[in-house]
Protein chains: 2
Amino acid sequence: MSTKRVEQLHAQGLRTRACLLDVAREVFEECHDASLNSIAKRAGVGIGTLYRHFPTREELVFELYRDQVQRLVLASEELLRTHPPLEAFRLWMERFARYAMTKAGLMEVLRTATAHGRFAQEARGPVTGAVEQLLAANREAGTLREDLTADDVLLAVAGLYQLDPSAEDWEQRAHRLLELVLCGLRRRD
Amino acid sequence: MSTKRVEQLHAQGLRTRACLLDVAREVFEECHDASLNSIAKRAGVGIGTLYRHFPTREELVFELYRDQVQRLVLASEELLRTHPPLEAFRLWMERFARYAMTKAGLMEVLRTATAHGRFAQEARGPVTGAVEQLLAANREAGTLREDLTADDVLLAVAGLYQLDPSAEDWEQRAHRLLELVLCGLRRRD
DNA sequence: TTGTTTGACGGAGGGTTCTCCGTTAAGTTG
DNA sequence: CAACTTAACGGAGAACCCTCCGTCAAACAA
């Protein structure tokens, strides 16, 4: 009961929050760097309201894509079940790249979700967790170097964030980058 | 004579331009993300004037550090003269990292100076040239993979731009990253 | 010397981000 | 049910980025 009361207490707030998310998703679909003003306006809400719900643009975008990120994280387990560790690792990174580039705005999320000196450091970002799983599996299989941290990996693939999703060759470049990184991560025999 | 006339024609312009650069260097020293407004004001010049000389913040910062970047580029030749290719490459990357992190604002310059889909692509950024030199030398020496482009390398080290220069461990992380990248670039035997 | 051209200048103005606070109304308590 | 508490709301306002254009003066030509 008490939880429901809390919910009722915030009933109005929850509604406008959901509305804001809907509108934002819609607006960002049209223009990935739309102004927060325009979102607030189209949601029929004051700009202050938007900012109270999402103190920063990042936070809004993060909420928008939270489930997408979640799915990406879950994918690591799935891949580990269905593939040998190294292959799972490779596939996951490819998928990571695709997710990052495909949806405009998602890249921003992933960058901050894996950023250093912020979430990832203290809050143990979700993506970091997924990478650690993959690393652990590969460590056990002896396929990758043993001294790797998830940090290292996410730093190494950070070049993805520099790619321009509107260029046609991003896929090729991303692939080259990942292949290079993978070479660097491999255990030397 | 005619060149001098051109100079005299722009005499005033050149003076304010130099003044702006001086002031900007000074202001950025104090606060690396100072407002352009404050710079114009302290230079005793209208904001419009600043923007005519430097249409974007990037361009201003770029000018500020142009010589630093130049020095970095020259370093590649120097290192190639005094070290074996692979070692030169490694040292250069370390220096690149140090330059990027040390001076606030320089990192921004290097990122855009090596950015894809802009300068580097068409204008063949200066840094790109340096990397190509190093790659060529190493290709000849057979120390690195032969299919590498400067693009690949600069993309691979892009993780540097995510490091926080105010954190104490940036040096350690940068070193780890570079070592990883180098492993990936090495020729497999 | 006296127009005339042309680059440089300054700042008003429109659009954004983000903060702050007075107002409103939902939910609570006696 | 009435008074109260507290969260949500809205938007004014400060600071900033960047553009645009009218003004001014240096350089030049007649």
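Student: What should I know about the model and the numbering before we start?
Tutor: The model is predicted, so local features need pLDDT of at least 70 and side-chain atom pairs count only at pLDDT 80 or more, while totals for chains, interfaces and linings use all residues. Residues are numbered from 1 along each chain as its sequence is written, chains are lettered from A and ligands numbered from 1 in the order written, and side-chain values use heavy atoms, with hydrogens and water left out.

Student: OK, the interface. How much area do chain A and chain B bury?
Tutor: About 2300 Å² between them, with 50% of it on carbon and sulfur atoms. Buried area is the accessible area (1.4 Å probe) that two parts lose on being put together, summed over both.

Student: How many residues does each chain put into the contact?
Tutor: Chain A gives 26 residues and chain B gives 26 residues. Contact means heavy atoms within 4.5 Å.

Student: How many salt bridges cross it?
Tutor: The rule finds 6. It asks for a side-chain nitrogen of Lys or Arg within 4 Å of a carboxyl oxygen of Asp or Glu. One of them joins B:R173 to A:D151, with the closest N and O atoms 3.0 Å apart.

Student: Which helix supplies the largest share of chain A's side?
Tutor: α11(A), with 8 residues. Helices are DSSP runs (H or I, at least four residues), numbered from the N terminus.

Student: New topic. Where does A:E94 sit, and is it buried or exposed?
Tutor: A:E94 is in helix α6 of chain A, residues 85–102. A:E94 counts as buried because its relative accessibility is 17%. The cut-offs are under 20% for buried, over 50% for exposed and partly exposed in between (1.4 Å probe, protein chains only).

Student: What does A:E94 touch?
Tutor: A:H175 and A:L178, not counting residues up to four places away in sequence.

Student: And B:A136, where is that?
Tutor: B:A136 lies in helix α9 of chain B, residues 126–141. B:A136 counts as partly exposed because its relative accessibility is 36%.

Student: How far is B:A136 from B:T149?
Tutor: Their C-alpha atoms are separated by 9.6 Å, and the two are 13 residues apart along the chain.

Student: Last one. What does A:I39 touch?
Tutor: With residues up to four places away in sequence left out, A:I39 touches A:L20, A:V23, A:A24, A:V27, A:F28, A:L50 and A:L60.

Conventions. Helices (H or I, at least four residues) and strands (E, at least two) are DSSP runs, numbered from the N terminus.
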